[in-house]
Amino acid sequence: MKKKKQAPLTTEEKITQLEKIADRLERMRIGEYLTNLNRTSRLIWLNLVSGIARGVGLTIGATLVIAIIFKIISMLINLNVPYLSEMMKDVQQTLQSRYHVQTEVK
């Protein structure tokens with residue numbers, strides 16, 4: 001297929017297209033991005049702070065998940081289901097010995 005030749009754009013159409021492109025670039029914050037790339041110390045600082053935030057978030061999240069798992073295991077042990085309780089006690093003891101975690105079992 002051959003492409004049809006388009007009529008040359010008028011000056012007004014060119015200006016309109018340039019305004020659209022400029023608007024998109026502003027919404028994408030390209031200027032701020034380029035400024036950060038040119039300022040190495042700012043880029044390092046932003047990456048350091050974001051890395052610390054991710055690490056703290058990961059630590060808190062993992063702690064909550066492990067605490068919930070231990071609580072569920074403790075509740076299953078307290079149900080005294082014949083084989084399940086014994087298996088859960090073994091799992092709990094293994095986790096306690098590996099991670100040195102103290103849990104209360106009634």
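1. Secondary structure. The model under review is predicted. The protein contains 4 helices and 0 strands. When the sequence is followed along its length, the pattern reads α-α-α-α.

2. Overall dimensions. The radius of gyration of the protein is 30 Å, whereas a compact globule of 106 residues would have a value near 13 Å. The C-alpha trace spans about 85 × 45 × 20 Å along the principal axes of the protein.

3. Burial and surface. What percentage of the 106 residues of the protein counts as buried? The figure is 8%, where buried means a relative accessible area under 20%. The accessible surface of the protein amounts to about 10000 Å². Carbon and sulfur atoms account for 62% of that surface.

4. Charges. The protein carries 16 positive and 9 negative charges. The mean position of the positive charges lies 7 Å from the mean position of the negative charges.

5. Ile72 belongs to helix α3, which covers residues 40–78. Why does Ile72 count as partly exposed? The relative accessibility of Ile72 is 45%, and Ile72 is therefore classed as partly exposed, since that class lies between the buried limit of 20% and the exposed limit of 50%.

6. A distance to trace. Arg29 and Ile72 are separated by 43 residues in sequence. In space, the separation of Arg29 and Ile72 is 47 Å, taken from C-alpha to C-alpha.

Notes: Residues numbered from 1 in each chain as written. Predicted model: local features only at pLDDT ≥ 70, side-chain atom pairs only at ≥ 80, totals over all residues. Heavy atoms only, no water. Helix = DSSP H or I, 4+ residues; strand = E, 2+ residues; numbered from the N terminus. Rg over C-alpha atoms; globule rule 2.2 N^0.38 Å. Buried < 20%, exposed > 50% of the residue type's maximum accessible area, 1.4 Å probe, protein only. Areas by Shrake-Rupley, 256 points an atom, 1.4 Å probe, with all protein chains shown as cover. Lys, Arg positive; Asp, Glu negative; His and termini not counted. Charge placed at Lys NZ, Arg CZ, Asp CG, Glu CD.
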